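Here is a briefing on the structure shown next. Keep the model open while reading.

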Amino acid sequence: MIKFRFIAPSGPDYEAERMLRWEVLRKPLGMPPGSEGLPEDDVSLHLVAHIGKRIVGCVCFFPESETNGRIFQMAVSEEYQGKGFGRQLLLTLERSLIKKGVKNVYLYVRSESEGFYQRQGYSSDGDLIKQFGEFYRLMKKDFPQPASAQAEACG
């Protein structure tokens, strides 16, 4: 059974998360281990999906303010892709962000993943950009606000 939890970059599961990010996202681009680490890792939220003790998925969120930020480096182990784990992982992260008061997020996705994010309610914004020899597109999503927040805005 799959379970989700947040981990700290200083915690014992962080290296396993980084290895999964490298295996799924960087290794196919010919990039070496270590290239998956980013400067914002230490101040980001790290959500992992695990089955037993094995981490099979992860996604990170970098808060840019109290109400918005960037989702990055979502990865699901190859053997678990196409089984709904990515959708569950993203939804779990989004629910947590909404509880924290985040109103909107953005991310850069490889062109072949754009359809997945569109089905999750993300909208494309702008042209494809080339980075690391791959094409990426900026996508954004606004979260629905609780009724109490909407009433205050109209207030």
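**Briefing: sheet, helices and pocket**

K130 has F135 as its bridge partner in β7. The model is a predicted one.

**Sheet layout**

- Seven strands make up an open sheet with mixed pairing.
- Their order across the sheet is β1-β2-β3-β4-β5-β7-β6.
- β1 (2-7) and β6 (123-131) are the edge strands, and each of them pairs on one side only.
- Between neighbouring strands of this sheet the average turn is 25°, with direction ignored.

**Strand pairs**

- β1 and β2 (residues 45-51) run antiparallel and are joined by six bridges.
- Within that pair, I7 has H46 in β2 as its bridge partner.
- β4 and β5 are parallel and pair over three bridges.
- R70 stands opposite Y106, a residue of β5.
- β5 is mostly covered, with five of its seven residues buried.

**The β6-β7 hairpin**

- Two residues lie between the strands of the hairpin formed by β6 and β7.
- In this hairpin, F132 adopts a positive phi near 55°.

- L93 is a residue of helix α2.
- Is L93 buried or exposed? L93 counts as buried because its relative accessibility is 0%, and the cut-off for buried is under 20%.
- Leaving aside neighbours within four places in sequence, L93 is in contact with F6, L47, V59, C60, F61 and I71.
- L93 and H46 are 47 residues apart along the chain, and 9.1 Å separates their C-alpha atoms.

**Helix α1 and E17**

- E17 lies in helix α1.
- E17 is a buried residue, because its relative accessible area is 0%, against a cut-off of under 20%.
- Which residues does E17 touch, not counting those up to four places away in sequence? They are I7, H46, V48, I55, C58 and C60.
- Among these contacts, I7 and H46 are also bridge partners of each other.
- C60 is in contact with E17, and C60 is also in contact with L93.

**Largest pocket**

- The largest pocket holds about 910 Å³ of space.
- Its lining consists of 31 residues, and the closest to the centre are L25, Q73, M74, S113 and Y117.
- Which elements give two or more residues to the lining of the largest pocket? They are α1 (14-26), β4, α2, β5 and α3 (114-119).
- β4 supplies the largest share of this lining, with seven residues.
- By residue class, the lining divides into 17 nonpolar, seven polar and seven charged residues.

**Points to trace on the model**

- Follow β4 from its parallel pairing with β5 to the lining of the largest pocket, where β4 gives the largest share.

Terms used:
Residues numbered from 1 in each chain as written. Predicted model: local features only at pLDDT ≥ 70, side-chain atom pairs only at ≥ 80, totals over all residues. Heavy atoms only, no water. Pairing = 2+ DSSP bridges. Helix = DSSP H or I, 4+ residues; strand = E, 2+ residues; numbered from the N terminus. Axes fitted to C-alpha atoms, helices over the stretch in contact; angles between N-to-C directions. 1 Å grid on protein atoms, 1.4 Å probe; cavity = no way out; pocket = protein on both sides within 12 Å on 5 of 7 lines; lining within 4 Å. Points joined across faces, edges and corners; volume = space filled by probe spheres on them. Nonpolar A, V, L, I, M, F, W, Y, C, P; charged D, E, K, R; others polar. Buried < 20%, exposed > 50% of the residue type's maximum accessible area, 1.4 Å probe, protein only. Contact = heavy atoms within 4.5 Å.
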